[in-house]
Amino acid sequence: MEFVMIILSGVLIGCATYLILSKGVLRIIIGISVLSHGVHLMLLTMGQLKRGNVPILDERVEVYTDPLPQAMILTAIVISFSLTAYSLVLALNNYKVLGTDDTEDMKGRDDGY
Amino acid sequence: MTLLHFLILLPLIAAVIIPVVYKYQKDIHLGWFVLPVPFVIVSYLFTLIPTVKSGSNIYYTLNFMPKIGMNFDVYIDGLGLLFAILISGIGTLVVLYSIGYLSKDEKLGNFYVYLLMFMAAMLGVVTIDNVLMLYMFWELTSISSFLLIAFWTTKERSTYGAQKSMLITMFGGFMMLGGFILLSIITETFSIREMIASSDVIASSGVGVIALVLILLGAFTKSAQFPFYIWLPDAMEAPTPVSAYLHSATMVKAGLYLVARFTPVFMWSLTWVNTILIIGLITLAWASFNAVVKDDMKAVLAFSTVSQLGLIMSLLGLGALAVTAGFNEEIFTVAVIAAVFHIINHATFKGALFMVTGIVDHQTGTRSIKRLGALMTIMPISFTITLITAFSMAGLPPFNGFLSKEMFLEAMFEISQSNITILSTISVLFPLLAILGSIFTFVYSMKLIFGVFTGESFDTPKEPSEAPMLVLISPVILASLVVIIGLFPNILSNTIISPAASAILDRQNFVDVSISFWHGVTPALLSTILIVLVGALLYYFRESWMFIYDYIKERFTLNNFYDQSLVNSTKYSNKVTNTLSTGFLRTYLLYIFGFLTIFSIVTMFRTGLNLSLTDLAPIGIQEVILIVVILVSLGIIMITKSRMVSIIMLGAVGFSMALFFVFFRAPDLALTQLAIETVTTTLFLVCFYHLPKVSKLPETRQFKLTNFIVAVMVGAVSILIGLSAYSHRIFESISEYHIEHVYDLAAGKNMVNVILVDFRGYDTVFETVVFAIAGIGIYILMRMTSLRKDDENEEHT
């Protein structure tokens with residue numbers, strides 16, 4: 001299972017890289033979202049999957065899954081959500097001001113060097 | 001802090017006080033307030049002569065930065081004292097001269113502050129025993145010299161010359177620092193004296209030669225040796241007192257001092273001897289050859305300085321042979337004596353010549369030899385001074401230049417006759433080069449005298465007249481020194497020259513110095529006669545052979561090489577910068593991803609990848625379905641052109657993630673993921689209205705292919721890293737502790753929540769802060785947009 005999940009998160013990261021390298025701002029933001037999914041999945045997998053029960057204390061249960069990666073991913077999800085939301089609004093703002101969503105058009109003035 | 005420390009720093013202290021004086025009193029020329037400083041120093045230094053002469057050297061230490069071994073250790077032996085007296089003595093005369101030379105309209109405050117800075121720096125260089133401190137003062141001379149050359153900042157040539165000298169001498173300075181550090185690593189000391197004591201350790205260390213070359217680079221750049229001499233002629237844009245002081249008598253001799261000081265450290269090395277000897281002779285011949293054709297009096301003197309420095313340098317090289325292998329020791333000791341003697345002589349006659357040049361310039365308005373003539377009767381005192389000093393420079397009796405030149409030629413003849421290892425093949429050339437250089441020296445010396453003071457008269461920009469007494473005092477003193485030393489050379493020999501020469505050779509008992517006019521008919525005397533004859537002929541028929549200078553094309557000169565390399569380095573660094581930083585986000589991302597993959601792959605190859613995936617959980621059918629869903633959604637995102645579809649597919653990936661969390665027994669994650677994914681999708685849809693219709697911009701195949709390759713590489717690398725990390729589980733998870741104590745320590749049953757708010761609560765605090773900042777940021781962005789709209793509306797109405 002872990003083997004498959006690591007490959008899946010690798011695929012997610014690869015696709016995210018491809019999206020981030022493209023021209024449109026929207027695709028870049030989608031890429032960032034996909035990248036965070038890949039990373040979360042990788043984090044969870046590193047803590048081993050499906051060993052024991054849900055990490056909620058129960059006297060009948062002996063083995064639990066590792067709660068620490070879950071706590072970390074929870075933090076990461078919230079932070080990546082903040083990032084996505086902010087960059088989305090930023091892209092919107094940029095599009096209104098600059099009139100383009102092509103990163104190749106978003107170039108500073110040539111300084112003449 | 002002894003009196004000596006105080007005196008070395010006295011010019012710096014004065015440099016602080018001088019601007020205050022300048023601000024509050026304008027009636028008296030500022031130079032009068034500066035004059036006592038060098039005078040006090042030189043008077044004190046004269047009182048040290050008996051001490052040094054008796055063989056007891058002066059050493060005082062003062063902690064400056066003892067932790068790194070950088071201490072203000074003053075060490076005065078014959079060599080240091082000689083230079084210190086030259087610096088402060090000629091400093092006194094130059095200050096006196098500048099009082100008459102510079103009018104009160106100039107920025108005198110700046111001038112004297114720079115000059116005093118320079119004086120302190122030079123005194124520091126020649127009296128410090130600690131190499132780090134020596135380097136500090138060395139760079140201070142470069143900086144103050146830079147400021148003085150660019151004194152008239154509005155003139156383009158001044159700033160050009162200042163920049164050039166700065167770049168070249170700073171380059172040498174840095175190299176020298178490298179040499180010092182190497183030496184101090186080898187010998188474990190920063191003291192020059194202790195380095196001398198352990199010169200055999202340096203000789204056997206192997207990197208000693210590198211240190212040697214680096215230190216020589218420092219000396220050669222500072223002392224304007226071939227091929228680094230090019231900065232000195234351009235430094236002539238400085239005011240004449242500066243040229244007289246810095247670029248003839250003191251700063252350019254810092255390199256000579258360095259070579260002399262480090263001679264005992266490096267005497268074991270033939271590289272040291274050969275490099276100094278050969279570079280010195282080349283400089284001598286080449287610069288004197290070039291001096292002849294120059295038209296500007298100061299340019300002639302600049303090249304003449306370069307060539308005389310080469311002469312002294314070659315003598316120092318020969319002197320180092322005295323110990324290298326026990327050759328005819330006497331004659332090489334003579335070389336050192338000649339070097340020391342010529343340092344003194346050159347400082348006297350070159351200083352006076354520069355001052356006379358300044359006077360001529362001041363009184364006629366031009367320095368061009370072509371436009372000057374017949375000043376002999378109008379400026380008789382200046383003429384006399386020039387006659388004496390230029391004859392001394394040409395090496396004519398009875399002036400002091402004759403004596404040192406005789407000793408120089410003698411030493412060169414001696415080396416050509418002895419067969420010393422690798423030198424023997426080319427040593428015949430040495431006296432030839434020396435004689436050639438001397439002939440040209442004779443020619444330009446004559447040109448300086450007769451070209452300016454005899455012949456037909458020209459209309460000069462100003463009506464010529466003899467200079468005021470004030471500016472004449474200093475050159476008169478120097479010229480009389482030329483005559484006195486020339487007639488009675490032995491007043492110097494046992495007081496100054498002998499201790500200095502023994503310091504260079506690191507001898508305990510002083511070398512015996514006696515300089516006399518008459519040696520009998522030696523090769524040196526014969527060649528002097530030859531020099532005078534050929535020189536006179538060459539000067540007389542100068543018009544007929546000047547054409548050979550036409551063969552030196554502008555394109556092939558060192559100056560042109562320097563300019564071109566400066567221009568090209570700017571051009572190519574711009575090219576590199578513009579190629580690498582294109583301004584496109586994608587380029588930088590490609591660099592980042594590219595280096596990530598390259599370094600990861602290299603590391604994997606170096607350490608080897610061994611995967612052992614034994615401890616795996618079973619795969620369920622529901623997870624396979626989810627994987628398929630994610631892969632399909634990803635594929636659609638990649639290829640679709642519609643933004644709507646890509647947003648929905650992103651949502652699909654997110655919800656599948658939530659389902660994964662369900663299967664992997666992470667209920668809190670699943671909840672959060674579901675909520676967040678819903679909000680994110682909503683947010684995308686809110687922006688939907690404003691964002692452009694298509695999400696995918698047209699991309700070329702090349703573009704896509706590069707992206708694809710990079711993406712595959714990044715994906716593969718992260719898979720490999722993940723697999724290898726998973727295969728090497730070194731420690732048990734820390735979570736055992738959390739699971740065990742979740743109830744008894746934190747009174748909660750949900751482990752994830754307890755970790756978030758109790759065990760690792762700080763993470764949560766700052767995650768909340770991140771969330772808040774994002775919210776505030778979004779609010780401000782929106783406000784800005786609406787504000788800008790209001791502005792635009794107002795403008796339109």
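This is a predicted model: local features need pLDDT of at least 70, side-chain atom pairs count only at pLDDT 80 or more; totals for chains, interfaces and linings use all residues.
How much of the chain is helix over residues 69-92 of chain A, and how far apart are the end C-alpha atoms?

View 1. Over residues 69-92 of chain A the chain is 100% helix and 0% strand, with the end C-alpha atoms lying 34 Å apart. An unreviewed UniProt entry places the feature "transmembrane region" at these residues of chain A, as well as at residues 6-21 and 28-49.

**View 2. The fold and extent of chain B.** Chain B contains 32 helices and two strands. Because its radius of gyration is 38 Å, well over the 28 Å that the globule rule gives for 797 residues, chain B is more spread out than a compact globule. The C-alpha trace of chain B spans about 115 × 75 × 55 Å along its principal axes.

**View 3. Contacts and burial in chain B.** Among the contacts in chain B with a separation of 6 or more, 79% are accounted for by residues 24 or more positions apart. Of the 797 residues of chain B, 55% count as buried.

**View 4. Surface and charge of chain B.** The accessible surface of chain B comes to about 34,500 Å², and carbon and sulfur atoms contribute 69% of that area. The side chains of chain B include 43 positive and 48 negative ones, and the centres of these two sets lie 8 Å apart.

Key
Residues are numbered from 1 along each chain as its sequence is written. Chains are lettered from A and ligands numbered from 1 in the order in which they are written. Side-chain values use heavy atoms; hydrogens and water are left out. Helices (H or I, at least four residues) and strands (E, at least two) are DSSP runs, numbered from the N terminus. The radius of gyration is taken over C-alpha atoms; the globule rule is 2.2 Å times the number of residues to the power 0.38. Buried means under 20% relative accessible area, exposed over 50%, partly exposed in between (1.4 Å probe, protein chains only). Contact means heavy atoms within 4.5 Å. Accessible areas come from the Shrake-Rupley method with a 1.4 Å probe; for residues, only the protein chains shown count as cover. Lys and Arg count as positive and Asp and Glu as negative; His and the chain ends are not counted. The place of a charge is taken as NZ of Lys, CZ of Arg, CG of Asp or CD of Glu. UniProt positions are given in the numbering used here, feature names are shortened, and annotations may be inferred rather than shown by experiment.
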